[in-house]
Amino acid sequence: MTLKLIEYGNAVPLNVEQAIIDDIKKASSTWRKKLRLKTEPIVIAGNVQAGFNIRAIGVAGFISVGAYTIEIAPKFINHNTLGSGWQSAMWRFLMYGFKVRAIGDTSGEIGVEKGLIDFLANLYIASLQGVGAKGYPLGYKETRYDSEFVKGRLDPKRYHTLMPFTGKVGVISSQLTRDIPTNRLLKWAGLELARTVESKEIRKKLISWADELKGVSSLPPKIESVTSIKREYPHLIHSIEIAKMLLEDRNAGFGAGKSTLPGFLWDSNELFERATRRLFDEACHPLGLSVSKKAFPLATSGIKKMQTTPDIDIRSGQTSVLIIDAKYKVKSENPSNEDFYQVMAAGRVRGVNTVALIYPAEGLGVTEQAYKPYGIGLPETVVTLTVGLQSFSSKVETNILIQDIRRWIEIRSKTPVL
């Protein structure tokens with residue numbers, strides 16, 4: 001059974017036994033700790049007699065709890081806001097934030113009725129198309145075995161078998177194998193998706209594909225052990241990036257041990273910050289500007305120091321020209337005093353003329369509203385900038401969005417076009 005929620009949306013009734021509620025609460029607590037959230041991402045109210053209500057706060061994605069799949073659509077990208085293409089826009093936004101490079105070329109079957117996990121599984125299957133014919137990467141694996149010939153080097157743990165002579169010696173040598181981290185990552189991701197999808201047809205495709213990698217372990221590797229294979233196996237770039245994205249958010253620390261939950265959740269606030277930083281980085285590059293995020297001293301009292309860390313610091317060389325903070329919230333008529341003070345303080349210590357607060361919104365493109373702070377000193381201008389997340393519906397619209405942001409940077413930073 002699939003329970004469909006919208007992040008920060010209305011509570012949805014859920015009539016189940018207490019044991020299921022307890023499992024959902026445990027899953028929520030696990031993901032809260034893993035994502036380092038301040039509050040529970042899944043909130044349940046009510047009781048068995050009157051029935052339960054469930055809401056999602058600050059996260060999007062999907063998790064499986066027993067026979068239930070909880071699907072959480074993002075607040076600004078869902079069927080109500082974007083219509084039938086919302087899943088495509090959502091996954092493009094997600095992959096953009098996770099720095100998946102070729103999002104415009106990776107596509108799956110798009111259907112209104114498909115769940116989030118089925119949609120992602122289709123993207124994964126599409127990214128693996130033709131891999132059986134083009135081949136999987138190979139590597140060398142150190143193996144211990146008995147041999148009639150000395151290959152590699154003698155196994156010191158088998159010295160005691162050298163006498164009396166048996167016709168074979170224990171050796172250690174490198175053998176060519178497909179059981180390497182890259183293939184283990186791909187197989188693990190395919191089988192994890194197969195565990196969670198609703199469609200039997202998609203599950204069958206994933207399991208059938210995984211059978212191609214016989215002899216390859218399905219245990220996930222350490223993500224740092226998956227090396228770049230861009231030159232030798234370019235047809236696997238998309239699938240590896242999707243698999244890495246899944247692995248990064250897969251294991252959730254819980255208590256003294258480790259608990260793993262089928263599913264994929266992301267912190268919407270963090271994802272929005274990631275995506276906006278990439279947007280500004282791609283917009284700034286042709287202008288000869290750079291983007292960074294680092295802490296700066298804000299004030300001092302003797303040996304005690306206060307710091308501020310703006311989300312986006314746009315620089316020309318070592319000089320800051322724009323300071324921006326990303327806020328994943330609905331933009332009100334005016335920004336909150338707290339947000340206003342925060343970005344003003346960062347602008348003051350960096351000595352920039354203009355600072356900005358950036359918000360997500362429905363629709364396309366970029367809109368701004370400028371404020372002139374009272375008093376003397378920098379910054380002289382505070383801008384609220386809204387970014388329409390429907391711009392992630394296609395590669396063309398995303399490129400237009402980057403160009404709009406580039407023009408805005410040119411105006412606000414007074415940066416000449418190179």
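## Strand pairing

Glutamate 368 sits opposite leucine 385 in β20. The strands β19 (residues 366-371) and β20 run antiparallel, joined by six bridges. Strand β18 (residues 354-361) pairs with β20 in the parallel sense, over eight bridges. There, proline 360 stands opposite valine 387. Pairing requires at least two DSSP bridges between two strands. Strands are DSSP E runs of at least two residues and helices H or I runs of at least four, numbered from the N terminus.

This is a predicted model: local features need pLDDT of at least 70, side-chain atom pairs count only at pLDDT 80 or more, and totals for chains, interfaces and linings use all residues. Residues are numbered from 1 along each chain as its sequence is written, and side-chain values use heavy atoms, leaving out hydrogens and water.

## Burial of β20

Eight of the eight residues of β20 (residues 381-388) are buried, so the strand is largely enclosed by the rest of the structure. Buried means under 20% relative accessible area, with a 1.4 Å probe and protein chains only. In a regular strand, side chains alternate between the two sheet faces. Both faces of β20 are covered. Thr381, Val383, Leu385 and Val387 lie on one side; Val382, Thr384, Thr386 and Gly388 lie on the other.

## Helix contact

Helices α6 (residues 181-196) and α7 (residues 200-210) pack at about 155°, axes 9 Å apart. They are therefore roughly antiparallel (over 145 degrees). Leu186 and Gly190 are among the α6 residues that meet α7, where the partners include Arg203 and Trp209. Contact means heavy atoms within 4.5 Å.

Technical notes: Axes are lines fitted to C-alpha atoms, for helices over the stretch in contact, and angles run from 0 to 180 degrees between N-to-C directions. Angles under 35 degrees count as roughly parallel, over 145 as roughly antiparallel, 65 to 115 as roughly perpendicular and the rest as oblique. Buried means under 20% relative accessible area, exposed over 50%, partly exposed in between (1.4 Å probe, protein chains only).
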